[in-house]
Amino acid sequence: MKKLKYLAHYPPSVVEQVSKLINTGKLGSHLLKKYPKPHSLKNDKTLFSYTMNIKNEYIKKSPPLSKTIYDGKINVIHNALGTHHFISRVQGSKLKAKNEIRIASMFKSVPEKFLEMIVVHELAHFKEKEHNKAFYKLCEYMQRDYHQVEFDLRLYLTYVDMQGKLEEWS
Ligand SMILES: [Zn+2]
């Protein structure tokens with residue numbers, strides 16, 4: 001059986017269940033049943049206000065955010081999802097003056113829950129740099145089902161790897 005790289009850190013029983021869905025051709029319909037529709041935040045302007053709303057509601061006192069944009073240069077499938085990062089952030093000296101969040105363009109065509117999850121993840125980094133307990137606590141504070149959604153997103157990335165994007169979400 002092909003190794004499921006996006007699910008490497010989940011227990012064997014979970015991976016086995018997912019393999020079953022894949023082998024019976026039901027992974028796509030499983031995802032669609034849970035998340036029937038894509039979100040409608042298709043441009044950077046709406047993405048930015050969406051991010052600001054979450055930021056103001058949960059972590060108002062964090063450093064300011066200058067913009068949130070979709071970035072076609074980020075290839076989430078081949079990038080470092082395995083080392084946790086869904087989004088590449090602006091690094092180096094500019095970071096302090098200009099806090100930006102960049103999200104891979106593929107997230108234009110996903111359910112809102114998935115977009116919310118990566119926005120929450122990046123916002124949590126405004127307060128916690130490391131992926132530690134405090135970080136994930138903050139993620140769960142901003143999105144109650146954060147871990148479940150991350151799992152489902154990993155299922156979708158597995159699906160995309162094998163069959164390409166779900167038509168129903170584009
Ligand atoms: Zn991170």
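## The model at a glance

What we have here is a predicted model, with local features needing pLDDT of at least 70, side-chain atom pairs counting only at pLDDT 80 or more, and totals for chains, interfaces and linings using all residues. Numbering starts from 1 along each chain as its sequence is written, and side-chain values use heavy atoms, with hydrogens and water left out.

The protein chain has seven helices and two strands, taken as DSSP runs numbered from the N terminus (helices: H or I, at least four residues; strands: E, at least two). Reading from the N terminus, the order is α-α-α-β-α-β-α-α-α. Of the 170 residues, 45% are buried, where buried means under 20% relative accessible area with a 1.4 Å probe, protein chains only. Among contacts (heavy atoms within 4.5 Å) with a separation of 6 or more, 73% join residues 24 or more positions apart.

## H5, the enclosed helix

H5 covers residues 112-124, and its 13 residues reach 18 Å from first C-alpha to last, close to the 18 Å expected at 1.5 Å a residue. That expected span is 1.5 Å times one less than the number of residues. Eleven of the 13 residues are buried, so H5 is largely enclosed by the rest of the structure. The buried set includes Phe114, Met117, Ile118 and His121. Its packing partners are helices H3 (44-58), H6 (133-142) and H7 (146-163), plus strands S1 (67-71) and S2 (100-104).

Alanine 124 belongs to H5 and counts as buried because its relative accessibility is 0%. Leaving aside residues up to four places away in sequence, alanine 124 touches Phe135, Leu138, Cys139 and Met142. Lysine 137 is 13 residues from alanine 124 in sequence, with 9.2 Å between their C-alpha atoms.

## How H3 meets H5

The axes of H3 and H5 come within 10 Å and cross at roughly 60°. Axes are lines fitted to C-alpha atoms, for helices over the stretch in contact, and angles run from 0 to 180 degrees between N-to-C directions. H3 is therefore oblique to H5; angles under 35 degrees count as roughly parallel, over 145 as roughly antiparallel, 65 to 115 as roughly perpendicular, and the rest as oblique. The crossing is right-handed, meaning the near helix is turned clockwise from the far one by less than a right angle.

On the H3 side, Leu47, Tyr50, Thr51, Ile54 and Lys55 meet Glu112, Leu115, Glu116, Val119, Val120 and Leu123 of H5. By class, the residues of this contact are seven nonpolar, one polar and three charged (nonpolar: Ala, Val, Leu, Ile, Met, Phe, Trp, Tyr, Cys and Pro; charged: Asp, Glu, Lys and Arg; polar: the others, Gly among them).

The 18 residues of H7 should span 26 Å at 1.5 Å a residue, and the end C-alpha atoms are 25 Å apart, which agrees. H7 is mostly covered, with 13 of its 18 residues buried. Just after H7, glycine 164 takes a positive phi of about 85°. Aspartate 152 lies in H7 and, at 1% relative accessibility, counts as buried.

H2 (residues 27-34) packs on H7 at an angle of about 140°, with the axes 10 Å apart, so the two helices are oblique to each other. The crossing of H2 and H7 is left-handed. Leu27, Gly28, His30, Leu31 and Lys34 of H2 make the contact with Gln148, Asp152, Leu155, Tyr156, Tyr159 and Met162 of H7. This contact has six nonpolar, three polar and two charged residues.

Terms used
Buried means under 20% relative accessible area, exposed over 50%, partly exposed in between (1.4 Å probe, protein chains only).
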